[in-house]
Every structure is written in C-alpha cells, then in structure tokens.
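Hi everyone, thanks for making time this morning. Please have a look at the model on the screen, and then I'll walk you through a few places in it.

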Amino acid sequence: MTRECAVLLPGVCAALADPRQPGLDDTCLEKLLDWFRSLTWFDPTVELLQDNPCLTELITSVLALPEPSPSILSFTLQLAGILTSSETRFQHLQQEELLGRLFGPEGPRGGAAWEDASVRSAWLKGVHSMLLHQPALHFLCSTGGMDVIFALQGDPSLFVASAASHLLVHILTFSLESETSKPLSSKDCDWPVCAQMIIKHIEESLQSSSASHIEQSLKLLTSLFGSCFGSCYAPWTEVLWSDIAKQIESFLLQETVQAQPVLANLLLNVARSPVFCGTEGSFWALVTSALEHLTPAQAGPLAVGLLKLCKCPQDVRIQALTVLLQPMDCILRAASQPLEYAGLLDESVSDPVTVESLLSSKTSCAGLLCQTLAHLEKLLSLKHLRVDLPCMSLLRSLMTILQFCNGFLSPASPLGSTISRNLINCFRVQKSALDVLAALAEKKGCDTLIGSLFDVLLAYLQSPNTSPTVLKKTFQATSKWLVHLQELSCSNSQWQQTQKILEDVFLVLQKRLCSPCWEVRDSSLEFLTAMVKCLRDQEEFRQSLLSSEVLRLTENLLEDPESYVRASAVTAVGHLAFITYFAPESPAIGNQYNKENTVAKLQEILSTDSEGFPRRAVISIFTKWLREGCTGQLEDTEQFVSRVIQTVEHDLDWEVRLGGLELVEIFCSQTISQLSKCPYAPVSSAVSSSTSQNELQVFCRAKVFGFLFRSLCDCDKPVGQRACDVLIGLRGHFYPVSPLENPQEIEDSPAGRGIAWLQRTLRQGSLAQSFPTEGGDGVDFQNPESMMLALGAIDLLELHDEVNKSSDHVVESPQSLLQDILATVGTIEDNEVDCY
C-alpha cells in the first residue's frame, strides 16, 4: 500500500462506518474490495492489519451498529473474508473476537439483516474467500456454518443458491487437498470432517421425499463432478459415485421424479472423469439406460456430449448418435407412404412412438427439431467424429424438412401430413435446417442428391414468402454448396449441370438485388461477395457472372439510401474488381465499368458518405487491393496511397483512420521489399544509404510521415498505438543497430530544432486537432533528411509506453478511488467524483 493511500484509508473507513453518511454507490464498494484482493494476494502477512488498525476498527464499528445498512454490512463481510484469506490475518481477527460475530451463530445470520439477499450472498462470498487454510475450515465446521450453507442451497435467490453450491464444491475439494491417503472402497473411505458432512448431506437429500432437496443435491453433484474434483481426486470420485449410483439409477426409472433433466448433465460430467476411461463397468450401462429412459429433449444434450468424448465406448457412442438421428429418421419415414427411401436407422434406442407424438404436436414439434438440428450442427463442426454419419440420408431428411416448411411437399402418410402442417412457415426450423445443410457441404457422400438439393435451395431463393432472415441463411448454404459443386464439376466433368445451376442462381440474384427490402439487398450483396471470394478463378462462374446483370446492379447499389447496403456494395464491387479489372484475362466491358471510374466512385464515398460503414468498407477494400498488389506500378501506388491517407486523416470515424494506418503499413512494407536488394547479399554502406534515401523519398512523396506523426496524437487510443507501431517498425529498418545519440547536437542543427519541437509536442499527448496540419517550427514531413533524423532522435519506445497507458490509468488508481469516496461523503470540499 502506498503512503498516500495509507493516509486516506482511515478517513474512508470512518466514513463507511458512520450511519449518518449517505450510502455509497455499489461500484465504489466493489472497486474497494478489488483493491483489497490485490493487496492481500501478494502479501499474506499480518502487517496489513497491524499497519492499518482502521480496518479492524471499521469491522468493529459496523458490528456495533444496531441496524447497519445491507450494503455496508455486505461490504464488511466480504472485506473480512478477503482479509482472513491468510492464516496469520485470520488468527489476528480471531484474537480480536471478530470472526464469530461475523460468520458465527452470533453474527448476522441470526438477525433481521439476514432477510436481505445481498447479506446472505456476501456471507457466502466472505466464507469462500476465507477458506484457503485449515484453521478457517475448522472454524466453519465448529460454528455450524455447514448447516447454513446447506440451507442456502435452496434459497429463493438464485444468486445465493448458486453461490452456496459453488462454496460446497470448494469446501469438498479443499478439504481433500491435505488428505494423502487413498480410499480403497466405500467401506474403507475415511472422508475428512467437512467432506464427510457434505457427503452425508448429499446422500440424505437423495433419499428424501422432497423433490427440491433431490434436485439441489443432483445439481451439487453435477457441479462437483464438473469441477477439478472429478479429475484430481479420482479415487475419491470413484468412492462417491459407487455410493450414489444405485440411487441415480432409480431416478431414471421413476417417471414421477422431476429431477430427470438434471441427470443428463450429471452423467455427462461423470463421464468426463478419468475414473471411467474403461469400456466396461456399471457406469456405461447406466448411461445406456439414461439414453433409453430420458425424453428426447433430455437425452439430446447427453448424446451430443458423449459423442464429443474420445474415451466413450463405441457401442454407447453409436447409441448416442441414434438418439440424435431418431427425429430425422421419423421425418424421412413420414415423408412418403409406402416408404420410398431407406430411413436413417435400422433400430431405435427408445420407443419411436414417443418421437412421433412429439413431432405430431404443434407445441413440441419445432422445439424438438431445432434442438436436434443444433446438436447435429455441433457434431458436423467437429474435426474428428468417431462415428460415421449417414450423410446421404441426413441430407434427404433436411431437404424434406425444408420442403415441409415451405409447403412444397405433400406427404401421403397421415403422420407426414400432420408434421407438414406443424412446420409450415416455421422460420426457426428453416434457419436451423439451413445451418446444418451448410455444415453438411463439407462432408462427402452426398453427390448424387446435389441436383435435388439445388432445386430446394432455388425454391427458397425464388419464393416471395421466404423471410429475410431465412433468405440470408439460404444464401449462406447456397454459397457453401456452390463451392462443393465446383469441386465436383472439376473432377467429374459435370460442367453443364454446374453452368445451369449458376445461371439460375444469378437470375435469382438479379431479382433479389432489386428487392424493396434493404435486408434482402444486403444479404444478396454478401452472398455475391462470398461467391467471388471462393469462385473467382473458376471459368464457369466468371462466364455466368459477366453474362448477367449483376455487375450493373451492384454498381447501382453504391448509391443505395441504406448505409449498410452501400457498405456491402462497396465490398462486393471491391471483390468483383479481381474479375473485371485485375485478372490477367480481364474482359473488355463498357466504359462505365472501367477501373478508373470505379476507383473514383469509391474515393468519393470515402470522402463524402455521411455514414461510417461505407467509408470503413472502402478503406478495407483499398487495403485489400494494395495487399494483393493490384494498385499498379510503384509511382501509381504512391499517388493512390497519398490521396487515400489525405482523405482518411480528417475522417471522424476512428476505425477509418485506423484502416488508413493499415494501408500505410502495407505500403511501407511493399516499398522496402521492392527497393531493397536481396537481404542475404552483401552490400556496401553506400548502396545501403542510397536505398534508404530512395525509400524515404517514396514515403515523403506519399506524405506518409505527416500522417503517421499526426496519428500519434490521435484522441482515439488504437489509432495512436498503430501509428507508433508503424514508426517503430520503420526506425528498426533504417536504424537496425541503434538510434541516434547526443540529442543536444541534433537540436542545435537547423532541422533538429523542428525535430525537438516535434518530440515535445508528442510528449504532451496533444489531441489531433491541435497538431499543425503542415508541421510546425520548421518540421518538414516531406523532407527525407528531416524524417531520417526524426526517426533516429525521437524516443518512440517512450511514446509507445505512454500511448499504451489506459486513458483512465490515473483516475482508476487506488488513491483516486479513496479520494472519490471521501468526496462523495462530503469530507473533501472539492466534490468532483471521477468514478462515475
């Protein structure tokens, strides 16, 4: 603790304990607790209390109040817990006879203040902080604290109940840390005292007739096995599980037990424990029973969790996959009567009638399918799935769901008709199905259905009933499958089918680009950009694009009234340029689409658009063009970069200015790369100096240095940071050994006086608007010699440290916080509180 803080602390403690003072803002109290946490974390000694007796006096004063406010009492409980996290400070407060009055039976847990949830929560937090040593554990057990925590598990406040459960997990794991003996069986098990109390409480609760007690214990066990207990204390884990396994099994078989939803999470956390790595044993039999007896909604999360486990036995894994595929199988079988195609499954895990009844119900159909589809999407995202998915049948089932949803399929079976009525225009299911469809594009084995699949996708793209959000998902799935289609046409010579699909897609895209709904226009442009990114090198795609009206319509949308659409149009035009202008075999198209006109339009948007999104899109596209070497020869690139950064440096959007710095960084890197010789070839100092002069002249002509130094003083921190990084990189190139020394000699030179002024200005951290636009006091940002001198003389590393400091590093200091509290309670005349 600094001397300044030690001087302020007694006044703060006195103000906190004074009931006449107005209540402090909770934010101040939380910050104060954070400060004490940091102090005690690095210093476990008792000196903090001995050197600052005001802390003990604060606790005593608050306890002496007849009716302390809940916020101050809560603060005091948490503070005491933080202070007693070390054994020496614990003993000190124990000698002062304060701990029993805080956390014992004579404390607030027996009074009226206990009615306030914040006090109960603070008591739990204080105990949690304190329990880092054995004396604290003994104190808790001997003062009846365990019974209080057990009772708070069922607290009406969810925050309190959750904190109680987490505290019990902490107590159990901490009590076992010092236990070196390993139990051989449940009979030989000798749990430590606190752990024994928790285990006994769990067992009694599981056997009680109270549904709430059963659920609390199951949730506690779930947290326990999900914590480090299940991994670090394998022998104890095995003993605990052997004691409760029969009871858990009975819950699975009792349909009247309301705790079944918790069982899936419990079993999954137990399955993750190293104890159950083996493929045999009663545990996996219990998991199998759970997959059979839990409802599909309850079994789904368990199934997908098991499929992610590498140590799950293969037969259990197959059964888990069957649970997930059962609703999809039911959809496929209901689609036609008699059954036209084989279903997904040879046999079901649970009774198929259960799934059929859920899909037949209007209230449960969409929910079950959305949950199933979400699980399948997770599985498809896994790099290594240890079971084989029936991709062909799954794709057929997805197509069936989408056709049910838009009414394009009329099933003959009664079940199919019911499901179809339940799903018609169901946006939730449509979006989920399209997400899985997109993920399935990367899997093999669906090639024979690709024509039918695009029929379904095109039907959605063409339908006026497709909602904008569903249309966006359809575009995303279509772009993924177009990439897959292109790979097929290259390998199987299916170019005619590919060309026909692409023509149909571009016809739909033309229509959607003219939609009156801005979300549709925006999604259409995003889809076009995604296609160009992936397919711009494919001849069929280029031909279909250039023979459509898409180019003209996209350029028109640069003037769209909606800023999001203009931004997407900028991005699309920027990527289309790789086909129309920058490709070696760029086609000859009309003058209105030439490169100069497009660049001019984008520069106009950058300088005049009233919204930030389009301007950000322009600078991003310009940066991409420069990175891919599409801006012409070096002289043209100089002019291009110069025009852009002169526009960008006055932009009010800091993200646009930051984009300008990224452009400059790429330009500098490319210039150095082009003008420098091979880095491994020996060169004379004369040649090296000549190269540096050429590089500096290029940077000065492009007005790079003025932009960089002005950006150093930008009022937005990320801009200053990036500018400083670029300048440090340039200095490292021009001064590979060390920067210039003897600053006095530099300042005495004519150019050096300007550099010294620049150094002083940068140290002041002036705002950008106060920085002279054309330099000051003789600084010439376009003079190579001056800029070489500036790079060597200015302490950029010092500036880097200053720029990286938080803008509020002063006002967020502990000293400032204590001053704020004193100002708030009126003991300081200048009542300016900066913590708000």
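Let me start with a question: which residues in helix 20 meet which residues in helix 21? From helix 20 they are Val355, Leu358, Leu359 and Ser360, and from helix 21 they are Lys362, Ser364, Cys365, Leu368 and Leu369. Contact here means heavy atoms within 4.5 Å. By class, the residues of this contact of helix 20 with helix 21 are six nonpolar, two polar and one charged. For the classes, Ala, Val, Leu, Ile, Met, Phe, Trp, Tyr, Cys and Pro count as nonpolar, Asp, Glu, Lys and Arg as charged, and the others, Gly among them, as polar.

Before I go on, a word on the source: this is a predicted model, where local features need pLDDT of at least 70 and side-chain atom pairs count only at pLDDT 80 or more, while totals for chains, interfaces and linings use all residues. Residues are numbered from 1 along each chain as its sequence is written, and side-chain values use heavy atoms, with hydrogens and water left out.

Now the overall picture. The protein has 43 helices and zero strands; these are DSSP runs numbered from the N terminus, H or I of at least four residues for helices and E of at least two for strands. Of its 836 residues, 53% count as buried, where buried means under 20% relative accessible area, exposed over 50%, and partly exposed in between, with a 1.4 Å probe and protein chains only. Among contacts with a separation of 6 or more, 71% come from residues 24 or more positions apart.

Back to the helix packing. Helix 20 (residues 352–360) and helix 21 (residues 362–381) have axes that come within 5 Å and cross at roughly 110 degrees. That makes helix 20 roughly perpendicular to helix 21. The axes are lines fitted to C-alpha atoms, for helices over the stretch in contact, and angles run from 0 to 180 degrees between N-to-C directions. Under 35 degrees counts as roughly parallel, over 145 as roughly antiparallel, 65 to 115 as roughly perpendicular, and the rest as oblique.

Helix 21 also packs with helix 23, at an angle of about 80 degrees and with the axes 9 Å apart. This pair is therefore roughly perpendicular as well. Lys362, Cys365 and Leu369 of helix 21 make the contact with Ile419, Arg421, Asn422 and Leu423 of helix 23. By class, that contact has four nonpolar, one polar and two charged residues.

Let me move to helix 11. What should its 20 residues span? At 1.5 Å a residue, helix 11 (residues 158–177) should span 28 Å, and its end C-alpha atoms are 29 Å apart, which agrees. The expected span is 1.5 Å times one less than the number of residues.

Next, salt bridges, of which the structure holds 23. The term means a side-chain nitrogen of Lys or Arg within 4 Å of a carboxyl oxygen of Asp or Glu. Arg37 and Asp34 form one at 2.8 Å, N to O; both sit in helix 2 (residues 26–42), three residues apart, about one turn of the helix. Arg37 is partly exposed at 33% relative accessibility, and Asp34 is partly exposed at 44%.

Arg521 and Asp560 also pair, with their closest N and O atoms 2.8 Å apart. Arg521 lies in helix 28 (residues 518–535) and Asp560 in the loop between helix 30 (550–556) and helix 31 (563–580), so the pair ties together parts that are 39 residues apart in sequence. Here Arg521 is buried at 9%, and Asp560 is buried at 7%.

Finally, two backbone spots. Glu97 has a positive phi near 60 degrees without being a glycine, in the loop between helix 6 (87–95) and helix 7 (99–103). Is Glu97 buried or exposed? Glu97 is exposed, at 61% relative accessible area. Asn425, not a glycine either, has a positive phi of about 60 degrees and lies in the loop between helix 23 (414–423) and helix 24 (427–440).
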